[in-house]
Amino acid sequence: MTDFEWGFVRLDAGIQELRQIRHRLMNCRIGALFYIGVLCMGQPNIQNHFAIPPKIHLKTVALQGANHCIGRTGATPSQDASLADGLEPPSARSRAASHWQILAGPYVSFVRASAKAAHISPVLVAAVIYVENGGDFVGSATRVSSAGAIGVMQLEPVTAWDVLRVNPWQAASNIAGGARFLHDLLKQFHGNVRLALMAYNAGPTLIARGGRPAMAVRYAYKVLQLIKTVRF
């Protein structure tokens, strides 16, 4: 693709992003009007309408031999279960052991193709997708984090456009770029999956310099724990 054609792709993505912002603003306006309407009606227990369900804490089921499918994991992360707090392993939803396709949600075919092209395990890609979206795939293709990361695999805009040369607003392209990024990180950190995952979360420069942010440590732990729940 020429730079001229790539410019049109980025322009189209920019228009799509503006539409997403407009859509979110409209939803906020509708929600505010609804809330005000309920208040005006004198609803006695309004907080019940907006109650947040309690967080569910579930145990992770470990499966021996899972690590050999993605390479060596290097240093063993802390076994403190609280690090995985708030992430519901899909294995707890059913008594049958999970298959990696559950982790991939509606993106199974994209994950399989992208992992094959990047020469990495689809289990690793699927687990990253699951953690990045907290197990909630609704709207994940156009989800934007508070830090500005975009789409299914939460790619940073600069990484997506300038490094990976993919459109982060398209699910297939986003996953292909994320899988390729994981491959590059695994190569950079000599197959150490834990360090590669930390770099995916916090950036390869910081991890390569010896940085170990608590957030990145927790992120890598969550992904590795999910991988252990998968039936091969």
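The exercises below, each with a worked solution, concern a predicted model.

Residues are numbered from 1 along each chain as its sequence is written. Local features need pLDDT of at least 70 and side-chain atom pairs count only at pLDDT 80 or more, while totals for chains, interfaces and linings use all residues; side-chain values use heavy atoms, with hydrogens and water left out.

**Exercise 1. State how many helices and strands the protein has, and what share of its residues is buried.**

Step 1. Helices (H or I, at least four residues) and strands (E, at least two) are taken as DSSP runs, numbered from the N terminus. The protein has nine helices and zero strands.

Step 2. Buried means under 20% relative accessible area, exposed over 50%, and partly exposed in between, with a 1.4 Å probe and protein chains only. Of the 232 residues in the protein, 39% are buried.

Step 3. Contact means heavy atoms within 4.5 Å. Among contacts between residues at least 6 apart in sequence, 58% join residues at least 24 apart.

**Exercise 2. Classify the ring pairs Y107 with F137 and Y130 with F137, and state which cluster results.**

Step 1. Rings of Phe, Tyr and Trp (its six-membered ring) pair if their centres lie within 6.5 Å; planes under 30 degrees apart count as stacked, over 60 as edge-to-face and the rest as tilted. This rule gives three aromatic pairs.

Step 2. The ring centres of Y107 and F137 are 6.3 Å apart and the planes stand at 75°, so this pair is edge-to-face. Y107 lies in the loop between α2 (100-104) and α3 (108-118), and F137 in the loop between α4 (122-132) and α5, so the pair ties together parts 30 residues apart in sequence.

Step 3. Y107 is buried because its relative accessibility is 9%; F137, at 17%, is therefore buried as well.

Step 4. Y130 and F137 form an edge-to-face pair, with 6.2 Å centre to centre and 70° between the planes. Y130 is buried, as is F137.

Step 5. Ring pairs join Y107, Y130 and F137 into a cluster.
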